[in-house]
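Subject: The model we talked about

Hi,

Here is the structure I promised to pass on. Have it open while you read, and my notes follow below it.

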Amino acid sequence: MSEQQANNLDKSDGHPSGDERYLAIDRTMKRFKYEQDALLEVLNTAQESMGYLSEDLLIYISQQLQVPRSQVYGVATFYHMFTFEPLGEHNCIICTGTACHVKGSNRIVQALTEEFEIGAGETTSDGLFSLTTARCLGSCGLAPVIVMDGDVHGKETPESVKQQVLNIIVLTKEKLSQKAEAG
Ligand code: FES
């Protein structure tokens with residue numbers, strides 16, 4: 001551990017920006033005594049606290065753990081659970097692992113891409129929907145598998161997924177306009 005990291009251990013929690021979401025990240029780094037091996041754990045905490053890994057955040061982690069920035073980016077981009085843009089209100093993860101690919105998951109991706117005019121890893125301009133892909137979601141027997149807002153659904157088709165997303169977006173728009181009317 002470097003002198004700076006030892007000093008960090010004595011400091012009270014808190015990022016210079018005053019953004020309290022950094023507290024959980026600082027605590028995780030402290031828990032692991034700023035060991036470089038803690039990188040994956042710290043990235044996990046960062047993703048959970050912030051919802052995505054911004055460039056500033058990756059630089060902060062690189063400085064605090066004294067891990068080269070290239071290594072932080074390398075680990076962050078290797079794992080599909082990390083995202084680099086804020087996600088939309090709703091998120092659909094489509095598995096493109098082998099079993100799901102064989103069962104046509106790419107056609108689901110294509111259907112959503114055409115309908116919402118976004119690619120994998122992107123969010124619609126109204127911020128309501130993000131499309132994400134993953135390598136294997138661990139439920140291959142249900143292929144093709146999607147995770148819609150945290151819920152796993154199996155044996156999906158392009159039409160069924162498109163309809164689910166359209167329904168959820170309509171509901172959200174209705175709720176938003178009711179809120180706006182209520183003032
Ligand atoms: S390949 Fe899709 S869940 Fe395993």
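V170 counts as exposed because it has 10 C-beta neighbours inside 10 Å. The cut-offs behind that word: a residue is buried if 20 or more other C-beta atoms lie within 10 Å of its own, exposed if 12 or fewer, and partly exposed in between, with the C-beta atoms placed from the backbone. V170 sits in helix α8, and its C-alpha atom is 33 Å from that of D19, a residue 151 positions away along the chain.

Two things to know before going on. This is a predicted model, where local features need pLDDT of at least 70 and side-chain atom pairs count only at pLDDT 80 or more, while totals for chains, interfaces and linings use all residues. Residues are numbered from 1 along each chain as its sequence is written.

Now the overall layout. The chain has eight helices and five strands, in the order α-α-α-α-α-β-α-α-β-β-β-β-α along the sequence. Helices here are DSSP runs of H or I with at least four residues, strands are runs of E with at least two, and both are numbered from the N terminus. There are two domains, domain 1 (3-78) and domain 2 (90-182), with bounds that come from an automatic or database domain assignment. Their centres, taken over C-alpha atoms, are 30 Å apart. Along the principal axes, the C-alpha atoms of the chain fill a box of roughly 60 × 50 × 25 Å.

Of the 183 residues, 25% count as buried. Looking at contacts in the chain with a separation of 6 or more, 60% come from residues 24 or more positions apart. By contact I mean that the two C-beta atoms, placed from the backbone, lie within 7 Å.

Next, the cores. A nonpolar core is a set of buried Ala, Val, Leu, Ile, Met, Phe, Trp, Tyr and Cys residues joined through C-beta atoms within 7 Å. The largest one has 18 residues, of which C92, I94, C95, L112 and I146 touch the most other members. The elements giving two or more residues to this core are β1 (90-95), α7 (105-116), β3 (129-134) and α8 (158-182).

Helix α3 (residues 39-50) packs with helix α4 (residues 55-65) at an angle of about 145°, and their axes are 11 Å apart. The axes are lines fitted to C-alpha atoms over the stretch in contact, and angles run from 0 to 180 degrees between N-to-C directions. From α3, the contact uses L39, V42, L43, A46 and M50, and from α4 it uses L57, I61 and L65. Sorted by type, that makes eight nonpolar residues, no polar and no charged. For that sorting, Ala, Val, Leu, Ile, Met, Phe, Trp, Tyr, Cys and Pro are nonpolar, Asp, Glu, Lys and Arg are charged, and the others, Gly among them, are polar.

Helix α2 (residues 22-31) also holds L23 and I25. Which of these is buried and which is partly exposed? I25 is buried because 25 other C-beta atoms lie within 10 Å, while L23 counts as partly exposed because it has 14 such neighbours inside 10 Å. Beyond its neighbours within four places in sequence, I25 is in contact with V42, T45, A46 and S49. Its C-alpha atom is 8.3 Å from that of L43, 18 residues away along the chain. L23 and S49 are 26 residues apart in sequence, with 9.0 Å from C-alpha to C-alpha.

Most residues other than glycine have a negative phi, and most peptide bonds are trans. Q66, in the loop between α4 and α5 (69-78), has a positive phi near 55°. D149, in the loop between β4 and β5 (151-153), has a positive phi of about 50°. Q66 is exposed because it has 12 C-beta neighbours inside 10 Å, and D149 is exposed with 12 other C-beta atoms within 10 Å. The peptide bond from A143 to P144 is cis, with omega near -5°, and P144 is in the loop between β3 and β4 (146-148).

Cheers
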